[in-house]
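Colleague: I would like to learn how to read a helix and its surroundings in a model. Please take me through one case.

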Amino acid sequence: DSALFFAHESLKYRPKIKNNLNLIHMILSKIDDSIKLHKGYEDALKIKNDDYLYAGYINILKVKKSDSGIIRQVINNAIKDHPKSFNVHFEAANFEFDLGNLDASFKHCEQLNQIMPNNFGAWQNKGLIRFKQKRYEEAISYFDKAMAFNAPGGVSELLKGQCLEALGKRA
């Protein structure tokens, strides 16, 4: 409790310092009591309504396997406050993907493309969604786009090859 109090105080007096947000995330990630966790983030968001803070909040709720309704409520608040936030839409896309809500995840990826068109991750995720939906031709076009932006790790190449195989074409 005292560590969180001092982290909130530090955020009040030096709101532009990213390490203060990281400190809030670190402290709150160790809290198992969901009421204290929510209160800690709500207090921090009152001090500084920040998309990075919201993204961390969403991520911690996912890691702690919180109720999906609560997570969705936090996502909706974050999008209302930060509609053009890459961080928020990224967390939202992953949340929906993990729940199997592929169309909702795809919509968040489209927002990511509008916010940051050169980011390979959104293109690769769109390809992955279409791959899971067995929409291989469309998936290939997204994997090609991700590769054009130098997607690391060979994931797009591997999945494109699997799409080609599924279509009966040689990779």
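Colleague: Which helices do the buried residues of H5 pack against?

Modeller: Start with two terms. Contact means heavy atoms within 4.5 Å. Buried means under 20% relative accessible area, exposed over 50%, and partly exposed in between, with a 1.4 Å probe and protein chains only. In this predicted model, the buried residues of H5 pack against helix H4 (51–63) and helix H6 (86–99).

Colleague: What do the numbers and the model rest on?

Modeller: Residues are numbered from 1 along each chain as its sequence is written, and side-chain values use heavy atoms, with hydrogens and water left out. The model is predicted: local features need pLDDT of at least 70, side-chain atom pairs count only at pLDDT 80 or more, and totals for chains, interfaces and linings use all residues.

Colleague: How many residues does helix H5 have, and what span does it reach?

Modeller: Helices (H or I, at least four residues) and strands (E, at least two) are DSSP runs, numbered from the N terminus. The expected span of a helix is 1.5 Å times one less than its number of residues. Helix H5 covers residues 68–81, which is 14 residues, and reaches 20 Å from its first C-alpha to its last, close to the 20 Å expected.

Colleague: Which residues of H5 are buried?

Modeller: They are Ile71, Val74, Ile75 and Ala78. Seen down the axis of H5, these buried residues fall within an arc of 100°, so they line one face of the helix. The arc is that of the directions from the helix axis to the C-beta atoms. On the other side of H5, Gln73 and Lys80 are exposed.

Colleague: Why does alanine 78 count as buried?

Modeller: Alanine 78 counts as buried because its relative accessibility is 0%. Not counting residues up to four places away in sequence, alanine 78 touches Tyr54, Ile58 and Val88.

Colleague: Where does asparagine 113 lie, and what is it in contact with?

Modeller: Asparagine 113 lies in helix H7 (residues 102–115). Asparagine 113 counts as buried because its relative accessibility is 8%. Leaving aside neighbours within four places in sequence, asparagine 113 is in contact with Ala122, Trp123 and Lys126.

Colleague: How many helices and strands are there in the protein?

Modeller: The protein has 10 helices and 0 strands. Of its 171 residues, 43% count as buried. Among contacts between residues at least 6 apart in sequence, 52% join residues at least 24 apart.
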